[in-house]
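Hello,

Here is the structure I promised to pass on. My notes on it follow below.

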Amino acid sequence: MYGHILGTCAAVALTVYLAQPRQARWFHRSFRNGRSMHRTFIAIGSAVCVAQAILVLFHQHQIVEGILHTCVCGCLGYLVFLIAHQKIRSIQVVHPMRVLAIGAHPDDLEIACGGTISKLSDAGHIVHAIVMCNGKVGGNAEVRPGEARNGATFMGISQLDVYDFTDTELSKHELEIMQTIERKIDSFQPNVILTHSRNDQHQDHLAVHFATLRAARRNPSVLCYESPSTTRDFNPSFFVDLTDYVNVKLHAVAQHKDQLSKPYMGPEQIKGIAAFRGAQAKMKFAEGFEVVRLVDSSLAGM
């Protein structure tokens, strides 16, 4: 009797705990289909609560008790099965790299390489990021830097710096932007740098691309990512497998609530591009990068 009451209380407490937004983020970050996994865990937790409550009421009915015990064990077994098959498994590297991701606007990194950054972080690499402006022309400047920090935390970026250069006019600050990137390179000493492509029609993206190339002139590995504004000349030759990470990328993009009304922020658009690049690379989903230069061992196994 008392064991069933304790079991009911524990099941209720666990279900309420799993329903918290923070736990939802953990599911989205840890499982290939995090949203479905989160809902399944809550549903099974609720079912276990009901079963435990019935056991309290019918603890003297052995048949009912046996059926409910079987159901509870079956539910728990199913959870173990789901965890085994849905958990994102990353191979921890022996020698972590330092990766610097550079974006013009608060949501650029999540849209362009959110899956790659998440995968690098999970593997044990150290990722820092720079965002050059607060995006005030395209949204709420009071909100967007905070959303960039939320996205960075979700992806596993250990340090994010958001600067206040003039949105849509970054080319006017190209020297200062180059110097900003140079200082970061000098202090962080990244092995790999991710930045915008030259095949991009957005003036801010181009400004950041050329500033990065000048600042990173001595860096051994520089890759250029794909943005919604890249042109048809964007021609990736390096691909990162996102088969386990495409939904992680979707949730990283979704941190930018101020921008979700934009057509290119939609899950269908994001997933469609990942599927297209995956087809090019002979995998289910991928992010593609143009290579400025790349040391062979820099991103081995990605």
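Helix α7 passes α8 in a right-handed crossing (the near helix is turned clockwise from the far one by less than a right angle). Helices here are DSSP runs of H or I with at least four residues, strands are E runs of at least two, and both are numbered from the N terminus. The model is predicted: local features need pLDDT of at least 70, side-chain atom pairs need 80 or more, and totals for chains, interfaces and linings use all residues. Residues count from 1 along each chain as its sequence is written, and side-chain values use heavy atoms, without hydrogens or water.

The axes of α7 (174-188) and α8 (203-215) come within 8 Å and cross at roughly 45 degrees. Axes are lines fitted to C-alpha atoms over the stretch in contact, with angles from 0 to 180 degrees between N-to-C directions.

Now the cores. The largest nonpolar core has 34 residues. Such a core joins buried Ala, Val, Leu, Ile, Met, Phe, Trp, Tyr and Cys through side-chain atoms within 4.5 Å; buried means under 20% relative accessible area, with a 1.4 Å probe and protein chains only. Ile117, Leu194, Phe289 and Leu299 have the most contacts inside this core. Its largest share, five residues, comes from α5.

A second, separate core of 20 residues includes Ile130, Ile185, Ala207 and Ala215.

Best wishes

Methods: Buried < 20%, exposed > 50% of the residue type's maximum accessible area, 1.4 Å probe, protein only.
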